[in-house]
Every structure is written in structure tokens, then in C-alpha cells.
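Subject: Structure for you to look at

Hello,

The structure is below, and my notes on it follow. Please read them with the model open.

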Amino acid sequence: MARPSMYPPELRKRAVRMVAEIRRDYLNETAALRAVMGKLGIGSGETLRKWIRKDQIDTGQRPGTTTEDAAQVKALKKEIAELKRANKILTAAINGSENRHQRTNRPLRSVAAPP
């Protein structure tokens, strides 16, 4: 399980929005990132850059797997794993039942008739 973020979702959205709004006032994106980082107390430029890329993917401005699609894939993988475990349990139960049935339904030994 991933470590929870120290930045709340509202701060992330605000930071991404601020970079988009002030980007044209700076020579490049890095300068705009640094300005927003300083104003909002974000420790790493790479952190903010990832938030921006993720937002661009989620809004369709950039190719990639959206947050929603990634969550859906994760949920489906979890469901598949649970179904495989259940299938193993059921298969083992069926095999065990067949083995018990075979042991209890053995043909009787022939007993010689008394003289």
C-alpha cells in the first residue's frame, strides 16, 4: 500500500491551477513551478510536476492512463485474485469430496461361503 500524501487533494488542485494561471508570466514551466512551490510550501519541484502531468492525463491533454482507469484496473486485478482463490478452494473441496466418495463406496470383498 502506498504511503499517504502529506499534501491534501485541495492543495494539489490549487497548485496545478496556479501553475496553469501564471505559466505565461514566466520564461519556462520550471520557473512557474518554483514560484508556486515557494508560495504553497511544496518541497519538491518534481512532486508538483507529477501533479501537473497527472492532471493533464486526466483531462485528456496528454496521453496516458487516467487515475480512474488505473483505479478500475487495480480493482479488477483484486477481484481476479479473489476469484482465483475461491476457485482453488472449491476445486480442493470437490476433489476431497470425490476422494471420500471413492473410499466409502469400495466394492465389498467376497466372502467365501461356509462349508
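The expected span of a helix is 1.5 Å times one less than its number of residues. Helices here are DSSP runs of H or I with at least four residues, numbered from the N terminus. This is a predicted model, in which local features need pLDDT of at least 70 and side-chain atom pairs count only at pLDDT 80 or more, while totals for chains, interfaces and linings use all residues. Residues are numbered from 1 along each chain as its sequence is written, and side-chain values use heavy atoms, with hydrogens and water left out.

Helix α1 has 14 residues and spans 20 Å from first C-alpha to last, close to the 20 Å expected. Its buried residues (under 20% relative accessible area, 1.4 Å probe, protein chains only) are Leu-11, Ala-15, Val-16, Met-18, Val-19 and Ile-22. Seen down the axis, they fall within an arc of 160° (taken from the directions from the helix axis to the C-beta atoms), so they line one face of α1. The face turned away from them carries Glu-10, Lys-13 and Ala-20, which are exposed (over 50%). The cover over the buried residues of α1 includes α2 and α3.

Val-36 is in contact (heavy atoms within 4.5 Å) with Ala-15, Met-18, Val-19, Ile-22 and Leu-48, leaving out residues up to four places away in sequence.

Regards

Conventions:
Helices (H or I, at least four residues) and strands (E, at least two) are DSSP runs, numbered from the N terminus.
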